[in-house]
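Hi,

Here is the structure I promised to pass on. Have a look at it first, and my notes come after.

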Amino acid sequence: MKTLILYSSRDGQTKKIAEYIASCLLGDVSIEALTENIQIDSFDNIIIGASIRYGHFNSLLDKFVKKHTALLNQKRTAFFGVNLTARKEGKDMPETNVYVRKFFLRNQWQPTLKAVFAGALFYPRYNFFDRMMIQFIMRITGGETDTTKEVEYTNWNKVKDFAEQFNVMK
């Protein structure tokens with residue numbers, strides 16, 4: 001069985017999560033950044049991971065899913081969303097995370113497995129505008145506001161559980 005993991009990552013945390021998932025999966029696994037022209041037909045399983053920035057997934061994700069919905073719905077598939085909102089209990093499930101819920105309301109793809117993982121906060125790596133905007137959002141939502149810090153909120157046990165669930169799915 002050949003598995004393809006596609007990811008859309010702004011600051012690298014989604015890529016890091018995708019790589020960790022790949023290390024937990026059985027069989028032949030490939031990882032690639034999501035692009036418009038990627039070929040997915042030769043893969044038995046497809047996992048797509050995408051991060052949120054300012055309340056939106058990369059627009060390429062919607063284009064890709066709309067273009068490949070029929071094929072995705074015929075294969076064993078999974079999706080994981082990555083965002084800082086998921087650091088809060090109650091906002092860390094596909095059914096309770098507003099971004100993931102909205103994504104699936106506007107798309108016809110129904111993956112076999114869905115998850116939401118908390119991302120990471122990399123203040124020193126952001127440009128001035130992003131650092132100030134993200135700090136403002138974190139202040140409003142009760143998060144870390146010290147712009148000298150990097151904080152990883154990802155629950156790696158939850159990521160491992162996701163990979164293990166995918167391994168045993170039929």
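Below is what turned up, starting with the fold and ending with the charged pairs.

Keep in mind that this is a predicted model. It has five helices and eight strands, running in the order β-α-β-β-β-α-β-α-β-β-α-β-α. The radius of gyration is 16 Å, close to the 15 Å from the globule rule for 170 residues, so the protein is as compact as a globular protein of that length. The C-alpha trace spans about 45 × 30 × 25 Å along its principal axes, and 46% of the residues are buried.

The whole structure holds seven salt bridges. One of them pairs Glu 152 with Lys 16, at 2.8 Å from N to O. That one ties strand 8 to helix 1, across 136 residues. Glu 152 is partly exposed at 37% relative accessibility, and Lys 16 is partly exposed at 39%.

Another salt bridge joins Asp 62 and Arg 106, with the closest N and O atoms 3.1 Å apart. Here Asp 62 belongs to helix 2, while Arg 106 is in the loop between helix 3 and strand 6. Asp 62 counts as buried at 15% relative accessibility, whereas Arg 106 is partly exposed at 39%.

Then there is Asp 92 with Lys 158, where the closest N and O atoms are 4.0 Å apart. This pair links the loop between strand 5 and helix 3 to helix 5. Finally, salt bridges with shared partners join Asp 11, Arg 53 and Asp 130 into one network.

Cheers

Note on methods. Residues are numbered from 1 along each chain as its sequence is written. This is a predicted model: local features need pLDDT of at least 70, side-chain atom pairs count only at pLDDT 80 or more; totals for chains, interfaces and linings use all residues. Side-chain values use heavy atoms; hydrogens and water are left out. Helices (H or I, at least four residues) and strands (E, at least two) are DSSP runs, numbered from the N terminus. The radius of gyration is taken over C-alpha atoms; the globule rule is 2.2 Å times the number of residues to the power 0.38. Buried means under 20% relative accessible area, exposed over 50%, partly exposed in between (1.4 Å probe, protein chains only). A salt bridge is a side-chain nitrogen of Lys or Arg within 4 Å of a carboxyl oxygen of Asp or Glu.
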